[in-house]
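Please read the following note alongside the sequence and the coordinates.

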Amino acid sequence: MITVHHLNNSRSQRVLWLLEELGLPYEIVRYQRDAKTMLAPKELRAIHPLGKSPILQDGEVTLAESGAIVEYLLERYGQGRLKPAVSSPDWLRFIYFLHYAEGSAMPPLLLKLVFVRMETAPVPFFAKPVARMLAKGAQKAFVDPQLKLHLDYMEGEIGKSEWFAGNEFTAADIQMSFPLEAAASRGGLDASRPKLHAFLERIHARPAYQAALTKGGKYDFA
């Protein structure tokens, strides 16, 4: 039996979604973030040394990293589903967006979260103006321009076809969902990018997405 070690408000939601799309049975072991630090509990380190989620167990296999988990599940259980054939012209776009989601799209969103929290973090009163100035300066000078760059890029790419890797839904779209959900919540994804909003509406309407959300819990990026 496949087991997903699932942390609330995390990338592991995508693993549940993929399992639902593939129609595979699985079990969920749930973990909650610390309410103050938002970090994963130490119990996850007993499963994997880094203590991060998602973690998938399948027999003797214990695997972390969402991209690696997606590739493993597709290779072992996919039977050619949710990915284009290697001979397809869509193959390179599939591989690219499968890894772009974490490698390029997520880092500026994580920086945005860090600097926003810096503005309200508990620090000595005499240091608050400095902390806020640094946080706002970093966002204005680097983080926000990077977010705009990536959102503009993604808006252009999704405009080329119905899905990120062509006109067929693939696991690359599942991977791309998390940065776009985060961007819609806190990263500047607004009505000026209608194609990305339409993408989110399409994935939200998928029965497997809804089933994974019911089992794993809703996102809360606040």
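**Salt bridges and overall build**

1. Aspartate 144 and lysine 112 form a salt bridge in which the closest N and O atoms are 2.9 Å apart, the term being used for a side-chain nitrogen of Lys or Arg within 4 Å of a carboxyl oxygen of Asp or Glu. The pair links distant parts of the chain, since aspartate 144 belongs to helix 4 (residues 128-158) and lysine 112 to helix 3, 32 residues apart. Helices here are DSSP runs of H or I with at least four residues, strands are runs of E with at least two, and both are numbered from the N terminus. Aspartate 144 counts as partly exposed at 31% relative accessibility, whereas lysine 112, at 13%, counts as buried; buried means under 20% relative accessible area, exposed over 50%, and partly exposed in between, with a 1.4 Å probe and protein chains only.

2. On the basis of the values, this is a predicted model, in which local features need pLDDT of at least 70 and side-chain atom pairs count only at pLDDT 80 or more, while totals for chains, interfaces and linings use all residues. Residues are numbered from 1 along each chain as its sequence is written, and side-chain values use heavy atoms, with hydrogens and water left out.

3. The side chains of aspartate 152 and arginine 193 also meet in a salt bridge, at 2.9 Å from N to O. Aspartate 152 lies in helix 4 and arginine 193 in the loop between helix 5 (171-186) and helix 6 (194-204), so this pair ties together parts that are 41 residues apart in sequence. Arginine 193 is buried, with a relative accessible area of 8%, while aspartate 152 is partly exposed at 36%. Salt bridges with shared partners join Lys148, Asp152, Asp190 and Arg193 into one network.

4. A further salt bridge brings together the side chains of glutamate 102 and arginine 11, at 2.8 Å from N to O. Glutamate 102 sits in helix 3 (residues 91-120) and arginine 11 in the loop between strand 1 (2-7) and helix 1 (12-22), so that distant parts of the chain, 91 residues apart, are linked. Glutamate 102 counts as partly exposed, at 23% relative accessibility. A search of the whole structure finds 12 salt bridges.

5. As for the fold, the protein chain has 7 helices and 4 strands, which follow the pattern β-α-β-β-β-α-α-α-α-α-α along the sequence. Of its 222 residues, 46% count as buried.
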